[in-house]
Amino acid sequence: MSAHLVRRILLRSALFALQLTLPQWVRSRGASICIFIFMRAMATGSIGWGVAAQGLGTPLACRHCFPSDPRRTGAARAERLDLAE
């Protein structure tokens with residue numbers, strides 16, 4: 001399952017739970033706070049991976065980020081990472 005799909009499922013589940021549990025007068029504010037926290041966490045994670053890629057090098061950081069990607073195993077590890085894929 002891709003990370004993008006997991007993020008979408010997580011956000012939709014959280015928003016659905018908020019819609020069911022919050023009183024009507026505060027639903028939109030609760031949903032906006034939930035989205036704000038989720039987006040801030042994604043931005044913080046992006047900064048973290050950017051720092052990791054800068055310190056470790058992009059190929060090594062991507063191998064840690066996508067450990068089960070078949071393109072990163074075997075002979076592909078010895079090749080230079082192609083970011084155009």
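The axes of helix α1 (residues 3-21) and helix α2 (residues 27-56) come within 9 Å and cross at roughly 155°; axes are lines fitted to C-alpha atoms, for helices over the stretch in contact, with angles from 0 to 180 degrees between N-to-C directions. The model is predicted: local features need pLDDT of at least 70, side-chain atom pairs count only at pLDDT 80 or more, and totals for chains, interfaces and linings use all residues. Residues are numbered from 1 along each chain as its sequence is written, and side-chain values use heavy atoms, without hydrogens and water.

**The α1 and α2 pair**
- α1 and α2 are therefore roughly antiparallel to each other (angles over 145 degrees).
- Residues of α1, including Leu11, Leu15 and Leu18, meet residues of α2, among them Ile35, Phe38 and Met42; contact means heavy atoms within 4.5 Å.
- By class, this contact has 11 nonpolar, 2 polar and 2 charged residues; Ala, Val, Leu, Ile, Met, Phe, Trp, Tyr, Cys and Pro count as nonpolar, Asp, Glu, Lys and Arg as charged, and the others, Gly among them, as polar.

**The whole chain**
- The chain has 3 helices and 0 strands, taken as DSSP runs (helices H or I, at least four residues; strands E, at least two).
- Of its 85 residues, 14% count as buried (under 20% relative accessible area, 1.4 Å probe, protein chains only).
- Among contacts between residues at least 6 apart in sequence, 21% join residues at least 24 apart.

Note on methods: Buried < 20%, exposed > 50% of the residue type's maximum accessible area, 1.4 Å probe, protein only. Parallel < 35°, antiparallel > 145°, perpendicular 65-115°, else oblique.
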